Amino acid sequence: LEELVRFVREGGSGPPSRLADLLALRVERLGTDARRALQAIAVLGDDTSPATLPAVVPEHPDLLHAIDALRTAGMVDDEGGRLRITHPLLREVVLATIPAGVRRELHGAAARVCESLGAPPEVMAVHAYFAQDAFRALVLLDRASALAASRGDDAGAILPLRRGLELARREIFRGELDDPVRAVVIFGRKLGEALARQRLYTDAEGVLREALDLAGPSTADRVRVLAALSRVAFGRERRAEAYVYLSEAQELARKSGRRELLTSLDDLERSFSPP
């Protein structure tokens, strides 16, 4: 209702019936400077310092006037000298309506700004992902997932791995990574393990089977994927299948002479045995 009132006061007529469409129309009707400032704030997120905006949108220097226009429109709040979009739905609409090329550039600029400010890996990973900086994004997404897991946040570890797997799949066709297939195998295996820890066994098995299909016939990656599939099968109470995967992994590890893999597989086998 508030958005409808604002739309009418701004001279709009024939408002859309859906709230998201109404928000998108209001954003579209903003001046160029205000719209670009709003896009930059949406990309940078809540608690945005006005001092960081010129580095993200340097081609629009009149940011003070733009921010005043956004405050008047009720789209941005200024709390303690920090800027934030007034509602999460508005932020989602703004991000969804940014042209793909423009959003890539904004996230690239935001990544440079955040790096200079010492932002945490989780923030840097998001910007690198949407900037389509494939190698850097994969490194940061893997690190962000590991940090979440180290805090016992297995659910929080899943999203970075999903994004990493999606990006690695995309790179098979784009060709910007030296070995995108191995990246798919690694992120698929790690995502499968994270899903299994959440007892999401069906999803885990799906991504692990994809990784197994792409893994080399006698590589350490294949051994690790087989071990992960063994854990999933055991979690689904399919013990015979679990031992089949485990036996194949052990045989490959013996042939490769990888003692650390054999040790981890022996530990896995002992965990399957009743106390």
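**Helix packing and nonpolar cores in a predicted model**

Helix α2 and helix α6 (residues 88-97) pack at an angle of about 65°, their axes lying 9 Å apart. Axes are lines fitted to C-alpha atoms, for helices over the stretch in contact, and angles run from 0 to 180 degrees between N-to-C directions. Helices are DSSP runs (H or I, at least four residues), numbered from the N terminus. The model is predicted: local features need pLDDT of at least 70, side-chain atom pairs count only at pLDDT 80 or more, and totals for chains, interfaces and linings use all residues. Residues are numbered from 1 along each chain as its sequence is written, and side-chain values use heavy atoms, with hydrogens and water left out.

The crossing of α2 over α6 is right-handed. The near helix is turned clockwise from the far one by less than a right angle in a right-handed crossing, and anticlockwise in a left-handed one. From α2, Leu19, Ala20, Leu23, Ala24 and Val27 meet Leu89, Leu90, Val93, Val94 and Thr97 of α6. Contact here means heavy atoms within 4.5 Å. These residues divide into nine nonpolar, one polar and no charged. Ala, Val, Leu, Ile, Met, Phe, Trp, Tyr, Cys and Pro count as nonpolar, Asp, Glu, Lys and Arg as charged, and the others, Gly among them, as polar.

Ser17 sits in the loop between α1 (2-9) and α2 (19-28). With a relative accessible area of 79%, Ser17 is exposed. The cut-offs are under 20% relative accessible area for buried and over 50% for exposed, with partly exposed in between (1.4 Å probe, protein chains only). Leu4 is 13 residues from Ser17 in sequence, and their C-alpha atoms are 9.9 Å apart.

A second pair is formed by α12 (residues 201-214) and α13, with an angle of about 155° and axes 10 Å apart. Helix α12 is therefore roughly antiparallel to α13. Angles over 145 degrees count as roughly antiparallel, under 35 as roughly parallel, 65 to 115 as roughly perpendicular and the rest as oblique. The α12 and α13 crossing is left-handed. Contacts from α12 include Tyr201, Leu208 and Leu212, and those from α13 include Arg222, Val225 and Gly235. The contact residues comprise 10 nonpolar, one polar and three charged.

Arg222 is placed in α13 and counts as buried, at 16% relative accessibility. Beyond its neighbours within four places in sequence, Arg222 touches Leu212, Ala215, Gly216, Pro217, Glu248 and Leu252. Asp221 also lies in α13. Asp221 counts as buried at 10% relative accessibility. With the same exclusion of neighbours within four places, Asp221 contacts Arg182, Val185 and Ile186.

The largest nonpolar core has 52 residues, and Leu191, Val223, Val225 and Leu265 have the most contacts inside it. Helix α13 (residues 220-235) gives the largest share of this core, nine residues. A nonpolar core is a set of buried Ala, Val, Leu, Ile, Met, Phe, Trp, Tyr and Cys residues joined through side-chain atoms within 4.5 Å. Leaving aside neighbours within four places in sequence, Leu265 contacts Val223, Ala227, Leu246, Ala249, Gln250 and Ala253. A second, separate core of 32 residues includes Val27, Ala34, Ala40 and Val93.

Helices α9 (residues 134-150) and α11 (residues 180-197) have axes that come within 12 Å and cross at roughly 20°. They are therefore roughly parallel to each other. The crossing is left-handed.

Notes
Helices (H or I, at least four residues) and strands (E, at least two) are DSSP runs, numbered from the N terminus.
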